[in-house]
Amino acid sequence: MRKLLLAGLMASLAGFAMPAHAQNEPSIPIIVKDTTSFFWQIVMAGARKAGQDLHVKVPQLGAQSEADVTGQIAILENTVSQHPAAIVIAPTQFAGLGKPITEAAKSVKIIGIDSAADSKAFTSFLQTDNVQGGRAGADALAEAIKAKYGKAEGDVAIITMLPGVGSLEQRHKGFLEEIAAKYPGLKVIADRVGDGQAITALNTTVDLLTANPKLRGIFASNLITAQGAGEAIAENKAQDKVMLVGFDSDEKLVKLLGEKVIKALIVQDPYRMGYEGVKVGLAASKGETVPATVDTGVNTITSENMNSPRSQELLNPKVK
């Protein structure tokens with residue numbers, strides 16, 4: 001399997017044609033978690049724009065899914081062998097990518113984006129403050145429950161996509177801490193972890209609705225989970241009873257937000273993440289001092305503010 005992955009990757013890189021004037025441009029590949037996901041397409045769009053602006057080649061690579069740790073390790077190892085100026089990577093898993101990233105950093109500057117890994121070898125790390133993202137999710141959920149029921153009180157749940165993913169664990173931490181610190185009337189009666197599939201989040205949400213008739217709110221901590229949870233809420237016509245807050249956005253989630261099935265989306269700035277990742281990688285490759293960490297921000301978007309210029313910039317970015 002590893003040999004097949006490497007063979008396919010080398011063929012892909014071999015076919016990465018560049019115009020003659022670009023042959024001497026530095027190469028800063030970006031390795032994302034899943035090239036098919038809208039979120040990562042936005043990240044890659046930002047990286048491409050940086051490449052155009054800064055005259056950098058930006059090969060765009062990714063695992064077959066966000067759970068494909070082995071695939072991402074193979075991609076990273078082969079990318080290092082191409083001797084790029086720097087590498088921008090969004091680790092698929094905290095533990096699994098730690099040692100490979102530490103090893104890669106012996107040969108090339110590694111710029112991390114989005115999710116952390118168990119390594120101290122990153123030259124710089126650009127990410128959403130995911131703990132703050134979890135706190136924002138708790139605040140948005142409390143506000144939605146208060147708007148519906150008059151007080152921020154009642155039973156709530158959190159659904160996480162996968163175990164062991166740094167960004168998701170941080171959102172989980174921030175959500176629970178904010179509930180405990182600010183909303184004593186809210187009780188977290190369910191804390192579920194899925195398998196990376198929207199259908200699992202859908203089924204989990206249906207189970208929660210059935211088993212907890214007094215449930216007033218759900219925080220779905222990433223895009224795939226929010227998709228499944230949103231579909232379940234809509235199918236069960238529970239949007240007037242159960243307040244749903246999601247994380248990230250795509251066309252489906254924006255539609256559910258407009259229909260008020262989802263009450264709020266906590267949205268990152270993936271375009272900036274991709275753009276700044278390449279920019280920082282280029283600076284680091286030249287020996288310039290770069291920040292150890294960059295917070296790319298979180299934004300709370302509701303049906304009331306979703307048509308503002310800034311909200312539209314985040315909800316409908318240009319990916320091509």
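**Exercise 1. Find how far helix α10 reaches and what its buried residues pack against.**

*Step 1.* Helix α10 covers residues 270-285, 16 residues in total. Helices here are DSSP runs of H or I with at least four residues, strands are E runs of at least two, and both are numbered from the N terminus.

*Step 2.* The expected span is 1.5 Å times one less than the number of residues. For α10 the expected value is 22 Å, and the distance from its first C-alpha to its last, 22 Å, is close to it.

*Step 3.* Buried means under 20% relative accessible area, exposed means over 50%, and partly exposed lies in between (1.4 Å probe, protein chains only). The buried residues of α10 include Met273, Tyr275, Val278 and Leu282.

*Step 4.* These buried residues pack against α2 (38-54), β3 (86-89), β4 (109-113) and β5 (124-127). Contact here means heavy atoms within 4.5 Å.

*Step 5.* Just after α10 comes Gly287, with a positive phi of about 85 degrees.

A word on the source: this is a predicted model, in which local features need pLDDT of at least 70 and side-chain atom pairs count only at pLDDT 80 or more, while totals for chains, interfaces and linings use all residues. Residues are numbered from 1 along each chain as its sequence is written, and side-chain values use heavy atoms, leaving out hydrogens and water.

**Exercise 2. Turn to α2 and check its span and its packing.**

*Step 1.* Among the buried residues of α2 are Phe39, Trp40, Ile42 and Val43.

*Step 2.* The buried residues of α2 pack against β1 (30-32), β2 (60-62), β4 and α10.

**Exercise 3. Which elements cover the buried residues of α6?**

*Step 1.* Find helix α6 at residues 166-182; its end C-alpha atoms are 24 Å apart, which agrees with the span its 17 residues should have.

*Step 2.* Its buried residues include Leu168, Arg171, Phe175 and Ile179.

*Step 3.* The cover includes α5 (130-149), β6 (154-160), β7 (186-193), β8 (215-220) and β9 (243-247).

**Exercise 4. Is His83 buried or exposed, and is Asp248 buried or exposed?**

*Step 1.* Most residues other than glycine have a negative phi. His83 has a positive phi near 55 degrees, and Asp248 has a positive phi near 75 degrees.

*Step 2.* His83 sits in the loop between α3 (69-81) and β3, while Asp248 lies in the loop between β9 and α9 (251-258).

*Step 3.* His83 has a relative accessible area of 70%, so His83 is exposed. Asp248 has 8%, so Asp248 is buried.

**Exercise 5. Describe the surroundings of Glu66.**

*Step 1.* Look in the loop between β2 and α3 to find Glu66. At 21% relative accessibility, Glu66 counts as partly exposed.

*Step 2.* Leaving aside neighbours within four places in sequence, Glu66 is in contact with Lys33, Asp34, Trp40, Thr92 and Met161. Trp40 is one of the buried residues of α2 from Exercise 2.

*Step 3.* The C-alpha atoms of Glu66 and Ala220 are separated by 17 Å, and these residues are 154 apart along the chain.

**Exercise 6. Step back to the whole protein chain: how many helices and strands are there?**

*Step 1.* The chain has 11 helices and 12 strands.

*Step 2.* Of its 320 residues, 53% count as buried.
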